[in-house]
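Student: Could you take a close look at one chain of this model, going from its overall dimensions to its fold and then to the side that meets its partner?

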Amino acid sequence: MIGIGEYRVGSFPMMTIGLGSCIGLTLYDPQKKTGAMVHIMLPDSGGRSDRPGKYADTAIPLLLKELDQIGCSRRSLVAKMAGGACMFEYFGTNLNIGERNTEKVRAILKEQGLKLSAEDVGGKVGRTVTFLPASGGKISIRRADGVTSEL
Amino acid sequence: MKLSAVQADAIQELGNIGAAHAATTLSQMLSSSVSMSVPAIKTIDLAELGNHIGDESAAMVVFELQGEIQHGGYIIFYITRESAIRLTNTMLGMTDTDRELNEMDQSALLEVGNIMVSAFLDATAELLGFIMLPSPPALSVDMAHAAMESLIAQLGEEVDEVLLFSTELICEEHKIDSDIIMLPEISTLKRITELLEAMMSGT
């Protein structure tokens with residue numbers, strides 16, 4: 001299980017539970033059947049470097065570097081993301097963090113020359129995401145009501 | 001922030017008093033007895049949050065702590081979906097448990113949360129001489145972890161661990177299990193521990 005601000009790289013099954021305003025981002029290399037998953041909490045690190053997986057601006061370059069080190073080619077990477085919800089309407093006055101996370105991830109992927117091939121974001125709904133690199137990079141998303149979908 | 005044993009004891013006592021008042025109001029609303037656990041204080045690293053709060057479906061009525069400190073953190077009335085249905089059934093005289101939480105349930109939960117949290121904060125204000133007021137409530141009926149991480153994200157980018165302070169309130173007769181959880185922002189926590197320490201040293 002990947003906790004808030006954590007990430008994993010490899011071909012083993014990965015999972016992150018109960019995404020609210022956070023983002024679960026996966027990068028997958030179909031040739032090597034290997035990938036990475038990160039549980040991003042906030043858009044900007046503001047210069048902090050101790051928990052790179054926690055912020056969109058530090059997490060994505062880090063995953064790319066680690067994938068590159070194990071021989072994944074950037075051109076073949078498939079990016080998908082889920083999360084970025086707004087769980088509470090009232091506190092939405094305090095800027096919508098889910099939306100800011102989503103926008104930031106999109107912007108950084110673009111900056112890095114990566115295409116986002118699928119996403120399930122926004123709304124007022126929590127998501128638990130499972131990522132299976134060894135099984136063709138299959139991603140399933142479960143919601144609180146038990147409904148499961150594939151991304 | 002690391003709490004000393006004395007500070008943890010003091011906060012536990014504060015929680016005892018707050019939760020006892022909240023339990024009394026719940027007991028009145030249900031016309032049934034309500035027991036409470038010893039308050040638990042946990043310092044949790046963000047990466048470990050999922051080990052404490054899972055993705056089970058729950059209703060959470062959330063209040064921001066306001067008053068003398070502007071954004072003081074949150075106080076939450078947490079109740080599992082099944083308990084929430086039994087709670088509103090008991091209050092509204094219904095019996096069907098195999099159903100969704102509808103609009104009437106949701107407004108009942110908001111009201112119950114409001115009454116309990118107000119009682120909790122009134123009691124702590126009286127003890128501390130430090131006023132924390134609840135914001136208007138917000139409700140989430142969804143994965144508990146999703147709601148909690150969204151609140152923690154609002155506390156700021158420098159927050160790497162949180163202090164969760166929870167007391168379980170149980171009504172055996174109606175099989176209702178709920179918690180009052182406080183998630184204080186660091187400056188609120190400091191203020192509360194300072195006040196408690198001053199009280200204990202008698203100054």
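Tutor: For a chain of 151 residues, a compact globule would have a radius of gyration near 15 Å, and chain A, at 14 Å, agrees with that expectation (the radius is taken over C-alpha atoms, and the globule rule is 2.2 Å times the number of residues to the power 0.38). This is a predicted model, in which local features need pLDDT of at least 70 and side-chain atom pairs count only at pLDDT 80 or more, while totals for chains, interfaces and linings use all residues. Residues are numbered from 1 along each chain as its sequence is written, and chains are lettered from A and ligands numbered from 1 in the order in which they are written.

Taken along the principal axes, the C-alpha atoms of chain A fill a box of roughly 45 × 40 × 25 Å, and 47% of its 151 residues are buried, meaning that 20 or more other C-beta atoms, placed from the backbone, lie within 10 Å of a residue's own. Among contacts in chain A with a separation of 6 or more, 63% join residues 24 or more positions apart, a contact being two such C-beta atoms within 7 Å.

Chain A has 2 helices and 9 strands, counted as DSSP runs (H or I, at least four residues; E, at least two) numbered from the N terminus, and their order along the sequence is β-β-β-β-α-β-α-β-β-β-β.

Where the chains touch, 28 residues come from chain A and 25 residues from chain B. On the side of chain A, strand β2 (residues 14-19) gives the largest share, 3 residues.

Note on methods: Buried ≥ 20, exposed ≤ 12 C-beta atoms within 10 Å, placed from the backbone.
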